[in-house]
Amino acid sequence: SALASDSLYAAQFHCAIKTDGGVACWGEDSYGQVSDAPSSGSFTQLSSGGYYTCGLKSDGGVSCWGANWDDLVSNAPSSGSFAQLSSGYRHICGLESDGSVSCWGLDNYGQTTPPSGSFTQLSSGQEHTCGLESDGSVSCWGGSSYINGTPSTGTFVEIQATRNSTCGILEAGNVICWGSSSNDQLNPP
């Protein structure tokens, strides 16, 4: 089972994958983020953003529900071969099984315009997404104030974006962070 929550954006709802692959959602429902959850189907991953959730179906397709800002819900690809989803506030990116990336939703900062390349992991913040490329490098796109300082060297094994910053674990085990440092979040211990 898996859990997706949107507490970062004050929507205060949660969704989970049940043991049979179905979806259960609960909490605040002002945009249908709970009541519009799929009543059937089998899911392998959930990712929630600002008042919406998208689920990766077991056949590799995507289903989204909740707030349809910027056609985020209605433009979700119903078929495909996705391997991972990562939600920002009003955009979402999907990692396809061939390593390419597709994004949809709000694109006011270029957050739905990923670079070409082959990726192994995605992580979205509020208005940006970063991708771990197959060679261990990192590429970020979207809100430029959140991706400033993206490391150009080093081999990464994992990345994690937050609301306005991103951290990555290097192959050697040390952590590097970049983006906004309003709460000293760029200085790992």
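Author: Buried means under 20% relative accessible area, exposed means over 50%, and partly exposed lies in between (1.4 Å probe, protein chains only). This is a predicted model: local features need pLDDT of at least 70, side-chain atom pairs count only at pLDDT 80 or more, and totals for chains, interfaces and linings use all residues. Residues are numbered from 1 along each chain as its sequence is written, and side-chain values use heavy atoms, with hydrogens and water left out.

A disulfide here is a pair of cysteine sulfur atoms within 2.5 Å. The count comes to five disulfides. With the bonded cysteines numbered in sequence order, they pair 1-2, 3-4, 5-6, 7-8, 9-10.

Take Cys130 and Cys140. Their sulfur atoms sit 2.0 Å apart in a disulfide. The S-S torsion is about 105°, so this disulfide is right-handed. Cys130 is in strand 11 (residues 128-133) and Cys140 in strand 12 (residues 138-142), ten residues apart. Strands are DSSP runs of E, at least two residues, numbered from the N terminus. Both Cys130 and Cys140 are buried.

Next, Cys93 and Cys103. Their sulfur atoms are 2.1 Å apart. The torsion about this S-S bond is about 105°, so the link is right-handed. Cys93 belongs to strand 8 (residues 91-96) and Cys103 to strand 9 (residues 101-105), so the pair ties together parts ten residues apart in sequence. Cys93 is buried at 0% relative accessibility. Cys103 is buried at 15%.

Last, Cys167 and Cys177. The S to S distance is 2.0 Å. With 105° about the S-S bond, this link is right-handed. Cys167 is partly exposed at 23%, whereas Cys177 is buried at 13%.

Key:
Helices (H or I, at least four residues) and strands (E, at least two) are DSSP runs, numbered from the N terminus.
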